[in-house]
Amino acid sequence: MPHGQLSRAEAASILVSAFSLEGKSQTLFRDVPASYWASHAIGILVENEITFGYSDGLFKPTASLTKGHFSTFLARILNPEFRQRPACYSTENKKSYAINVPVTNVWHTPGKTRPIDEISIQAKPDMKKWSSQLTISQKLWLIGKTDTQALYGDPVEIIKSSGNWHYIAIKDQAKTGHKNGYQGWVPKSHVAASSINDTKCPIAIVDAKIATLYNVAKWDDKQKWLDVSYTTILPVVAEHGQFLEVLTVEGNTKFMLKRDAKVYADYASIPKPTAKEIIDSAKQYLGLPYVWAGTSAYGFDCSGIIYSVYKNHGILIPRDSFVQATHGKAVSRSQLQPGDLMFFAHNGGKGAVYHVSIYIGEGKMIHAPNSSRSIEIISIDTPLYKKNHSGSRRYLTSN
């Protein structure tokens with residue numbers, strides 16, 4: 001067939017065979033199912049960065065191979081310097097906004113902070129120092145002044161501004177009466193504008209308590225750029241041995257150890273967790289002091305640790321306990337299974353919900369109790385909590 005056409009799939013098979021290319025790629029194009037006869041060869045070309053398909057996510061395996069594409073494939077095989085994976089992100093005209101500090105408190109009123117709060121509202125806040133220095137009375141003062149925190153990279157909407165402060169909505173934190181998410185004031189320096197579209201990038205969810213971002217792919221304290229908290233989500237640009245190259249809010253790239261995060265194609269592809277995974281994640285914070293409004297590894301409040309742990313495992317639940325108590329599937333005390341959420345209300349369980357815990361089995365629960373204590377495991381029959389138990393909810397589909 002001297003005048004026949006060579007398809008792109010046939011070319012992939014020929015090139016892999018001719019140059020003994022090896023590898024295994026999980027990248028499958030929408031028009032190349034795993035059962036397709038050339039899917040393995042096409043995957044090897046992708047892994048070796050010989051081809052990346054079309055911008056619409058297709059490989060077009062039955063299309064005729066052009067001379068230009070054949071020359072490109074051949075050049076990339078013969079000269080590795082030509083193998084440059086296209087970036088998963090691009091610049092666009094519209095702006096979006098995100099938190100650009102490790103953790104920021106979200107305040108009711110702008111500028112109404114105390115001297116001790118200065119280190120938390122600086123352009124480069126030291127939240128570890130701030131939270132560890134708070135006395136019990138200073139923690140109690142936070143009640144009614146702030147209700148939540150936001151983490152590095154959390155997408156936000158700027159609703160209005162006043163002086164050095166922005167009034168924002170945190171899109172991933174659902175709150176009753178606020179369709180755009182939890183709202184409050186943060187320092188302007190804690191929010192950055194971005195023109196980057198990173199929706200095609202895989203994501204890394206920080207699974208360590210604290211993960212360090214480095215300027216280079218090297219475990220070197222002198223190259224530290226920023227420490228970020230558990231459940232921080234970052235776009236992944238590339239992998240380099242033990243490191244992930246991740247995208248910052250400002251559009252630069254930094255490096256973090258692979259062991260500190262889990263990588264997924266996107267948030268929707270995170271596998272649904274087991275009860276054990278939820279409980280084990282919460283248990284790693286046993287002994288961590290309670291911080292009102294906390295959603296970070298520097299300190300959690302009762303609903304904050306549950307929101308953070310569930311988010312880390314691909315389940316976005318409401319931020320506050322009284323809203324968490326209205327979602328999921330209602331279960332009776334006798335039907336409790338590990339991973340279920342237990343809620344507690346004033347007036348012997350008949351009033352307003354004020355507290356939440358995770359049932360861990362064997363008649364025990366883990367919770368962040370109050371400003372004078374730390375995250376702990378106790379019996380669900382502890383008198384106060386047995387008296388005020390108002391109901392339970394199940395957010396897990398399997399245990």
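The model is predicted: local features need pLDDT of at least 70, side-chain atom pairs count only at pLDDT 80 or more, and totals for chains, interfaces and linings use all residues. Residues are numbered from 1 along each chain as its sequence is written, and side-chain values use heavy atoms, with hydrogens and water left out. The structure holds 11 salt bridges and 9 aromatic pairs.

**Terms**

- Helices (H or I, at least four residues) and strands (E, at least two) are DSSP runs, numbered from the N terminus.
- Buried means under 20% relative accessible area, exposed means over 50%, and partly exposed lies in between (1.4 Å probe, protein chains only).

**Aromatic pairs**

- Rings of Phe, Tyr and Trp (its six-membered ring) pair if their centres lie within 6.5 Å; planes under 30 degrees apart count as stacked, over 60 as edge-to-face and the rest as tilted.
- By this rule the count is 9 aromatic pairs. Y152 and W225 form an edge-to-face pair, because their ring centres are 6.3 Å apart and their planes stand at 85°.
- Y152 sits in the loop between β3 (146-151) and β4 (155-162), while W225 belongs to strand β10 (residues 224-229), so this pair ties together parts 73 residues apart in sequence.
- Y152 is buried at a relative accessible area of 1%, whereas W225 is partly exposed at 33%.
- Y230 and Y285 also count as edge-to-face, because their ring centres are 5.4 Å apart with the planes at 65°.
- This pair links distant parts of the chain, 55 residues apart: Y230 is in the loop between β10 and β11 (233-240), and Y285 is in the loop between α7 (275-283) and β15 (295-296).
- Both Y230 and Y285 are buried. Ring pairs link Y230, Y285 and F300 into a cluster.

**Charges over rings**

- A charge sits over a ring if NZ of Lys or CZ of Arg is within 6 Å of the ring centre and within 35 degrees of the ring normal.
- R8 places its charged end over the ring of F59, 4.4 Å from the centre.
- K145 lies over the face of W141, with 4.6 Å to the ring centre.

**Salt bridges**

- A salt bridge is a side-chain nitrogen of Lys or Arg within 4 Å of a carboxyl oxygen of Asp or Glu.
- D172 and K311 are joined by a salt bridge with an N to O distance of 3.5 Å. D172 lies in the loop between β5 (165-170) and β6 (182-187) and K311 in helix α8, so the bridge ties together parts 139 residues apart in sequence.
- D172 is partly exposed, at 24% relative accessible area, and K311 is buried, at 4%.
- D207 and K262 form a salt bridge at 3.9 Å, N to O. D207 is in the loop between β8 (203-206) and β9 (210-214) and K262 is in strand β14 (residues 261-264), so the parts tied together are 55 residues apart in sequence.
- D207 is partly exposed, at 29% relative accessible area, and K262 is buried, at 15%.
- E239 and K258 meet in a salt bridge at 2.9 Å, N to O. E239 is in strand β11 and K258 is in the loop between β13 (253-257) and β14, so the pair ties together parts 19 residues apart in sequence.
- K258 is partly exposed, with a relative accessible area of 30%. Salt bridges with shared partners join D154, D172 and K311 into one network.

- Helix α2 (residues 39-47) is largely enclosed by the rest of the structure, because 7 of its 9 residues are buried.
- Those buried residues are S39, A41, I42, G43, I44, L45 and V46. They pack against α1 (8-18), where contact means heavy atoms within 4.5 Å.
- E49 follows α2 and has a positive phi, near 60°.
- S303 lies in helix α8 (residues 302-312) and is buried, at 5% relative accessible area. Not counting residues up to four places away in sequence, S303 touches R319, D320, S321, Q324 and V356.

**Surface patch**

- Patches are made of residues with over 30% relative accessible area and no salt bridge: like charges are joined within 9 Å, and nonpolar side chains (Val, Leu, Ile, Met, Phe, Trp, Tyr) within 5 Å.
- I136, L140 and I143 make up a nonpolar surface patch, together about 260 Å² of accessible area. Accessible areas come from the Shrake-Rupley method with a 1.4 Å probe; for residues, only the protein chains shown count as cover.
- I136 lies in helix α6 (residues 136-141) and is partly exposed, at 45% relative accessibility.
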